[in-house]
Amino acid sequence: MYCRGKENEIYILQLINHGPFELGTTRDTLGTTPEGGALLGPERPHTYDDLNDNDKKRFDADFHETNIVLQGLPKDIYKLINHNIEAKAIWDNVKMLLTGSELTKEDRESQLYGEFKRFKMLPRENINEYYVWFHKLVNDMRNIRMTMPNIH
């Protein structure tokens with residue numbers, strides 16, 4: 001949602017999903033041949049000045065999207081992936097770290113279901129603490145897309 005509110009949002013989201021903008025190579029026209037064809041120089045990497053306005057926006061978005069992804073990370077996750085410089089690599093690693101394996105999800109579901117079964121107000125606990133604890137439990141269940149029958 002944050003990316004959608006930024007300038008060049010389409011490019012930012014594309015770069016996160018598909019990788020960085022590649023400048024590519026070009027060949028300068030050195031002149032014309034006697035037959036009227038173009039005489040081309042050796043291949044060289046594109047520079048920023050070679051890009052058209054649309055490609056310049058895509059290139060500029062490359063820096064913004066990396067910063068956006070890095071700024072939204074908790075410190076513990078940031079420390080694990082801060083060596084990456086491309087937003088796609090960062091994003092893929094974050095998804096892997098947060099998703100985990102199916103076994104991990106099943107373990108977490110089992111743990112949350114156990115907490116839910118044992119959930120009750122503790123002695124000397126006020127209603128606000130009780131509500132916060134319950135709200136956190138429900139949010140944790142939603143975060144892993146855990147479903148429970150309505151009867152529970």
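This is a predicted model: local features need pLDDT of at least 70, side-chain atom pairs count only at pLDDT 80 or more; totals for chains, interfaces and linings use all residues.
Local features need pLDDT of at least 70, side-chain atom pairs count only at pLDDT 80 or more, and totals for chains, interfaces and linings use all residues. Residues are numbered from 1 along each chain as its sequence is written, and side-chain values use heavy atoms, with hydrogens and water left out.

Trainee: Which helix gives the nonpolar patch its largest share?
Mentor: The patch consists of L80, M96, L97 and L98. Helices here are DSSP runs (H or I, at least four residues), numbered from the N terminus. The largest share, 3 residues, comes from helix α4.

Trainee: Is L97 buried, partly exposed or exposed?
Mentor: L97 sits in helix α4. Buried means under 20% relative accessible area, exposed over 50%, and partly exposed in between (1.4 Å probe, protein chains only). L97 has 38% relative accessibility, so it counts as partly exposed.

Trainee: How far apart are the end C-alpha atoms of helix α6?
Mentor: Helix α6 has 17 residues, 127-143. The expected span is 1.5 Å times one less than the number of residues. That gives 24 Å, and the end C-alpha atoms agree, at 24 Å.

Trainee: Which residues of α6 are exposed on the face turned away from its buried side?
Mentor: Start with the buried residues of α6: L137, D140 and M141. They cover an arc of only 100° around the axis (taken from the directions from the helix axis to the C-beta atoms), so they lie on the same side of α6. The face turned away carries the exposed I127, K136, R142 and N143.

Methods:
Patches are made of residues with over 30% relative accessible area and no salt bridge: like charges are joined within 9 Å, nonpolar side chains (Val, Leu, Ile, Met, Phe, Trp, Tyr) within 5 Å. Accessible areas come from the Shrake-Rupley method with a 1.4 Å probe; for residues, only the protein chains shown count as cover. A salt bridge is a side-chain nitrogen of Lys or Arg within 4 Å of a carboxyl oxygen of Asp or Glu. Helices (H or I, at least four residues) and strands (E, at least two) are DSSP runs, numbered from the N terminus.
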